[in-house]
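Welcome! Take a look at the structure first.

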Amino acid sequence: MEYISKNIDDTINIAKKLSLTFTGGEIVLLDGDLGAGKTAFTKGLAQGLNIQNIITSPTFTILNVHEGTKLNLYHFDMYRLEDEQELKELGFEQYIGNKDGICAIEWYQKTPSLFENKKCMFIDILKIDDNTRKIIIKE
């Protein structure tokens with residue numbers, strides 16, 4: 001599926017609509033340049049899951065856990081990840097594919113081996129201009 005987002009609200013709404021189909025255990029891998037809208041997309045996922053928390057990128061903590069009424073959101077940002085040992089210390093394996101929530105993972109390309117043999121949804125967010133994005137969703 002491909003979408004054109006003309007602003008941040010469009011990006012949030014596309015993600016929100018997608019998250020309404022989730023049943024738990026989904027792994028959403030987000031790709032895009034800095035400022036492309038990965039965190040905005042994650043905000044939309046959270047809204048669809050009835051999560052009231054303010055969603056920010058967990059760049060320094062690597063993981064933010066948000067409890068929802070339907071499902072939890074496990075939001076990872078691998079941008080500053082030094083090695084996979086950091087993820088093990090965070091208990092990464094207990095979150096990935098957990099049926100009580102979904103994982104949204106920014107900068108997953110830093111640890112591609114962690115997602116081999118796992119069913120993942122790939123979200124590519126491409127900047128067209130300052131406001132417009134092309135969002136490609138692949139399973």
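The buried residues of helix α1 pack against β1 (2-5), α2 (38-48), β6 (121-127) and β7 (133-138). Buried here means under 20% relative accessible area, exposed over 50%, and partly exposed in between (1.4 Å probe, protein chains only). This is a predicted model, in which local features need pLDDT of at least 70 and side-chain atom pairs count only at pLDDT 80 or more, while totals for chains, interfaces and linings use all residues. Residues are numbered from 1 along each chain as its sequence is written, and side-chain values use heavy atoms, with hydrogens and water left out.

**Helix α1**

- Helix α1 covers residues 8-19 and reaches 17 Å from its first C-alpha to its last, where helices are DSSP runs (H or I, at least four residues) and strands are runs of E (at least two), numbered from the N terminus.
- Its buried residues are Thr11, Ile12, Ile14, Ala15, Leu18 and Ser19.
- Seen down the axis of α1, these buried residues fall within an arc of 160 degrees (taken from the directions from the helix axis to the C-beta atoms), so they line one face of the helix.

**The strand residue Glu2**

- Glu2 is found in strand β1.
- With 52% relative accessibility, Glu2 counts as exposed.
- Leaving aside residues up to four places away in sequence, Glu2 touches Lys134, Ile135 and Ile136, a contact being heavy atoms within 4.5 Å.
- Between the C-alpha atoms of Glu2 and Thr42, 40 residues apart along the chain, the separation is 17 Å.

Key. The expected span of a helix is 1.5 Å times one less than its number of residues.
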